[in-house]
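Today I opened a new page for aromatic rings and helix packing. Here is what I looked up, in the order I went through it.

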Amino acid sequence: MLIIGIDNDVIVREITEKDLHKLAQYANNKNVSTNLRDTFPSPYTLQDADNYYQIIKNENPKTTFAIEYKGEYVGNIGLVPGTDVYRNSAELGFFIGEPFWNRGITSKSVNIITTYGFEQLKIVRIFSTVFEFNKASQRVLEKCGFEKEAVSKKAIIKNGVIYDEIRYAKINPNL
């Protein structure tokens, strides 16, 4: 199993079939799905988890990972590499099960995958977009050294309401 990084009690590692039940459990939560794009199913079933696993299990290079905390699967984190003129950039996405919020797990995971993206994948720029109401993810990104680049006014619609989208980015310091 591929492990891309460890920070004390947090491990970012390859997703396995053993994670799928917990993935379905934690992802099937309105407080989680509210902060994610609509392509993320809600409600989220075990079949959704398996479908997702079938898509990502053969990634090469691996860019989608499990977040493990104290030996337990607690969420996902990944990079979506850009294409064409954006091929040196990647979009960062993550979610963590609500029982594990506010423990510093996400910040550790973001730092781990950012290092992996810069050092192993040779990405120049990692960015993430956050809904204006998701203050926790904004704090995580700022804590991890991402800078607010832009606010796109009224750029998204979630649950029938129009919101601003905030874009954060971090540039590879080794370039």
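Entry 1, aromatic rings. I am working from a predicted model. I began with ring pairs and found 8 aromatic pairs in the structure.

I then picked out Tyr69 and Phe100, whose pair is edge-to-face, with 6.2 Å centre to centre and 70° between the planes. This pair links distant parts of the chain, 31 residues apart: Tyr69 sits in strand β3 (residues 64–69), and Phe100 lies in the loop between β5 (89–96) and α4 (105–119).

I looked next at Phe131 and Phe133. Their ring centres are 5.6 Å apart and the planes stand at 50°, so I logged the pair as tilted. Phe131 is buried at 9% relative accessible area, whereas Phe133, at 29%, is partly exposed.

I also looked for a cluster, and Tyr26, Tyr69, Tyr73 and Phe100 form one.

I turned to helix α1 (residues 20–27) and helix α3 (residues 46–56), whose axes come within 8 Å and cross at roughly 120°. That angle makes α1 oblique to α3. I recorded the crossing of α1 past α3 as right-handed.

Which residues make the contact? From α1 I listed Leu20, His21, Leu23 and Ala24, and from α3 Leu46, Ala49, Asp50, Tyr52 and Tyr53. Sorted by class, this contact of α1 with α3 has 7 nonpolar, 1 polar and 1 charged residues.

Technical notes: Residues are numbered from 1 along each chain as its sequence is written. This is a predicted model: local features need pLDDT of at least 70, side-chain atom pairs count only at pLDDT 80 or more; totals for chains, interfaces and linings use all residues. Side-chain values use heavy atoms; hydrogens and water are left out. Axes are lines fitted to C-alpha atoms, for helices over the stretch in contact, and angles run from 0 to 180 degrees between N-to-C directions. Helices (H or I, at least four residues) and strands (E, at least two) are DSSP runs, numbered from the N terminus. Angles under 35 degrees count as roughly parallel, over 145 as roughly antiparallel, 65 to 115 as roughly perpendicular and the rest as oblique. A crossing is left-handed if the near helix is turned anticlockwise from the far one by less than a right angle, and right-handed if clockwise. Contact means heavy atoms within 4.5 Å. Ala, Val, Leu, Ile, Met, Phe, Trp, Tyr, Cys and Pro count as nonpolar, Asp, Glu, Lys and Arg as charged, and the others, Gly among them, as polar. Rings of Phe, Tyr and Trp (its six-membered ring) pair if their centres lie within 6.5 Å; planes under 30 degrees apart count as stacked, over 60 as edge-to-face and the rest as tilted. Buried means under 20% relative accessible area, exposed over 50%, partly exposed in between (1.4 Å probe, protein chains only).
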